[in-house]
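Please look through the structure shown here with the following paragraphs beside it.

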Number of protein chains: 2
Amino acid sequence: MVETVKWTPEGVVMIDQTKLPRTVEFVTCRTYEEVADAIRTMVVRGAPAIGVAAAMGVALGVVRTPAELLEREFPKICATLAATRPTAVNLFWAIDRMKRLYESLRGASAERVREALVAEALRIYEEDIAVNRAIGAHGAPLVPDGRSVLTHCNAGALATAGYGTALGVIRAAAEAGKRVHVFADETRPFLQGARLTAWELMQDGIPVTLITDNMAGHFLKSGRIGCVIVGADRIARNGDTANKIGTYPVAVLARENNVPFYVAAPISTLDLTLASGDLIPIEERPAAEVTHVFGVPLAPEGVAVENPAFDVTPARYITAIITERGVARPPFEESLPALAAAPQTEEVRP
Amino acid sequence: MVETVKWTPEGVVMIDQTKLPRTVEFVTCRTYEEVADAIRTMVVRGAPAIGVAAAMGVALGVVRTPAELLEREFPKICATLAATRPTAVNLFWAIDRMKRLYESLRGASAERVREALVAEALRIYEEDIAVNRAIGAHGAPLVPDGRSVLTHCNAGALATAGYGTALGVIRAAAEAGKRVHVFADETRPFLQGARLTAWELMQDGIPVTLITDNMAGHFLKSGRIGCVIVGADRIARNGDTANKIGTYPVAVLARENNVPFYVAAPISTLDLTLASGDLIPIEERPAAEVTHVFGVPLAPEGVAVENPAFDVTPARYITAIITERGVARPPFEESLPALAAAPQTEEVRP
């Protein structure tokens with residue numbers, strides 16, 4: 001299985017997701033600033049993977065900072081990593097978890113603090129894989145046998161520490177013997193579907209057909225799609241879900257054609273502090289992502305562009321939210337807080 | 001104004017729409033086979049422009065065929081041009097019109113036949129511009145002042161003999177003094193929105209913002225879009241409309257957000273022989289259009305692709321259809337045949 005992000009003695013090693021699938025290249029981030037840059041420029045992307053990378057970034061910053069400067073530097077390390085991307089809440093969740101541990105170690109030796117923070121980052125990494133397997137186990141029964149599943153963007157191994165959320169559900173269904181075929185939206189402008197999802201599924205031998213985003217409606221109407229499964233970057237208390245731009249249209253088209261629409265995400269993607277999706281900050285990314293592909297210009301020079309990286313799918317379009325602690329169904333205002341408060345299951349901490 | 005397609009002594013001259021906007025290059029088709037190739041490879045595209053090009057292709061074939069062979073060659077000329085693209089009905093409408101004229105001239109001299117067919121192709125060309133101006137005049141009152149209009153693909157001067165259908169309505173609204181801003185969907189895979197619509201509107205000084213197709217839902221939900229206007233490739237008797245892939249999702253999202261959705265098209269786009277859109281043939285185009293952009297690979301080698309070039313928007317999502325003879329409103333089963341049977345207005349034949 002592909003290793004999205006990995007802790008090594010040299011630093012945090014990531015597969016460069018801006019270059020896949022034509023070039024399989026690994027980047028070693030030797031400082032926390034390099035980890036922050038890698039998150040900002042989408043060398044690593046996907047809400048859970050960003051969380052893992054940020055935790056490792058905090059650990060790297062702590063390891064590389066002289067003991068006498070750590071007290072002063074630690075808040076800066078956390079702030080730099082938190083300022084990279086605004087929408088995915090897993091980033092803040094992971095940094096907060098590292099912060100809480102750091103604060104609980106006040107007075108401990110620098111050596112002890114370093115060891116503990118590195119161990120915590122590795123725990124977040126390992127937990128993420130276990131969480132994804134649990135999401136897969138809960139979600140697999142929802143995947144219809146012998147029909148197509150539509151997915152948008154990449155919520156796969158490359159978006160997580162491994163296995164994937166939406167693609168984890170698809171993998172678990174395939175492992176359970178279901179005949180699954182996937183329609184992958186190419187996912188402009190960054191092409192995560194064409195570059196990452198198609199690549200991952202082909203490596204696993206799961207049949208995949210690549211389509212442009214605007215074809216999803218046609219195939220949902222055709223009756224060939226049994227369900228939609230996507231990931232999430234942040235889920236508000238009422239179930240409204242921010243995910244990659246283009247998710248909301250797929251959800252509306254799924255409902256219009258009576259196709260179930262599932263969100264697969266870890267509990268760490270919940271933001272129970274937000275009453276609704278209207279409060280989720282939406283990142284605006286550079287125009288060049290829209291006007292150019294691999295450096296090739298597609299549009300007239302100087303054209304105005306808007307490039308919101310995410311949209312918000314209102315909860316009323318979501319059939320269910322698949323988490324590592326079970327499947328939440330509407331009304332999400334009740335089911336999500338209940339799941340968040342539930343004790344972790346054995347699947348989560350094996 | 002850009003000249004999309006033009007009759008010259010050397011042959012049919014077209015602006016090469018596969019190369020815009022970075023390269024403005026003209027192609028001269030010296031035989032009807034070259035015209036057929038240009039239609040198939042989308043050097044010229046857009047339902048009305050395809051109709052004009054096909055009419056000129058028939059005229060070119062007739063002019064270049066020795067008199068004694070014409071009787072045998074004429075059906076072949078028409079069949080070759082008709083076999084280029086299956087969805088846009090204007091292609092068949094234009095060829096049929098040339099055929100009917102040819103048959104009415106049975107017994108006339110070769111010289112007379114040639115002159116008449118060239119004159120007819122030029123008439124189709126000139127009528128198309130007048131038709132577009134009339135569509136613009138009928139549609140302009142529907143464009144809200146000071147709001148954004150969303151369009152998909154290119155239904156502009158480049159899709160017609162000139163002025164455009166959907167963009168003709170926008171141009172007419174701008175000429176009438178309305179403050180119009182356009183959101184242009186980039187329109188994967190062929191990028192007509194990014195390459196052609198943005199370019200046309202920038203040349204006219206009409207403010208345009210380029211977005212990816214999957215952002216349309218986000219902006220329709222935002223309340224910033226006052227109406228959607230698109231073109232059409234074939235409209236069935238009940239109003240179901242085939243247009244560029246991605247039109248159906250926009251229509252569903254417009255209705256979901258209470259934004260009017262207008263189709264702008266000439267009467268020649270109506271196919272009253274078809275009871276519904278289910279009967280419209282949908283062209284499947286080469287996979288390379290999806291996997292590559294300007295020759296640059298975007299996806300893993302060998303990935304499976306589907307590439308339907310059009311989708312069908314059920315009539316229930318369409319607020320009105322703007323034609324050169326007036327605006328058709330539901331029930332379209334009644335309004336469309338009535339418009340088709342109506343005498344042509346002064347606007348159409350000035």
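R40(B) is found in helix 1 of chain B, residues 32–40, where helices are DSSP runs of H or I with at least four residues, strands are runs of E with at least two, and both are numbered from the N terminus. The model is a predicted one, in which local features need pLDDT of at least 70 and side-chain atom pairs count only at pLDDT 80 or more, while totals for chains, interfaces and linings use all residues. Residues are numbered from 1 along each chain as its sequence is written, chains are lettered from A and ligands numbered from 1 in the order in which they are written, and side-chain values use heavy atoms, with hydrogens and water left out.

Leaving out residues up to four places away in sequence, R40(B) touches T84(B), R85(B) and R285(B), contact being heavy atoms within 4.5 Å. The side chains of R40(B) and D37(B) are joined by a polar contact of 2.7 Å; such a contact is a pair of N or O atoms within 3.5 Å, of which, within protein, one must be able to donate a hydrogen and the other to accept it, and residues adjacent in sequence count only if both atoms are side-chain atoms.

A second residue of chain B, E120(B), lies in helix 5, residues 110–139, and is buried, with a relative accessible area of 8%. Apart from its neighbours within four places in sequence, E120(B) is in contact with R97(B), M98(B) and L101(B). In helix 6 of chain B, residues 166–175, eight of the ten residues are buried, so this helix is largely enclosed by the rest of the structure; among the buried residues are L167(B), I170(B) and R171(B). Just after helix 6 of chain B, G177(B) takes a positive phi of about 95°.

Chain B also holds an open sheet of four strands in the order 11-8-9-15, with mixed pairing, where two strands pair if DSSP finds at least two bridges between them. Its edge strands, each pairing on one side only, are strand 11 (270–271) and strand 15 (310–313) of chain B. Strand 9 of chain B, residues 241–244, pairs with strand 15 of chain B in the antiparallel sense over four bridges, and the bridge partner of N243(B) in strand 15 is D311(B).

Strand pairing also links the two chains: strand 14 of chain A runs parallel to strand 6 of chain B, residues 208–211, and two bridges join them. In strand 6 of chain B, L210(B) is the bridge partner of V305(A). The contact as a whole takes 57 residues from chain A and 57 residues from chain B. Together the two chains bury about 4,600 Å², 64% of it on carbon and sulfur atoms, buried area being the accessible area (1.4 Å probe) that two parts lose on being put together, summed over both. R22(A), N214(A) and E306(A) supply 15% of the area that chain A buries against chain B, more than any other three residues. Between chain A and chain B there are eight salt bridges, each a side-chain nitrogen of Lys or Arg within 4 Å of a carboxyl oxygen of Asp or Glu. R22(B) forms a salt bridge with E301(A), their closest N and O atoms being 3.6 Å apart.

Note on methods. Buried means under 20% relative accessible area, exposed over 50%, partly exposed in between (1.4 Å probe, protein chains only).
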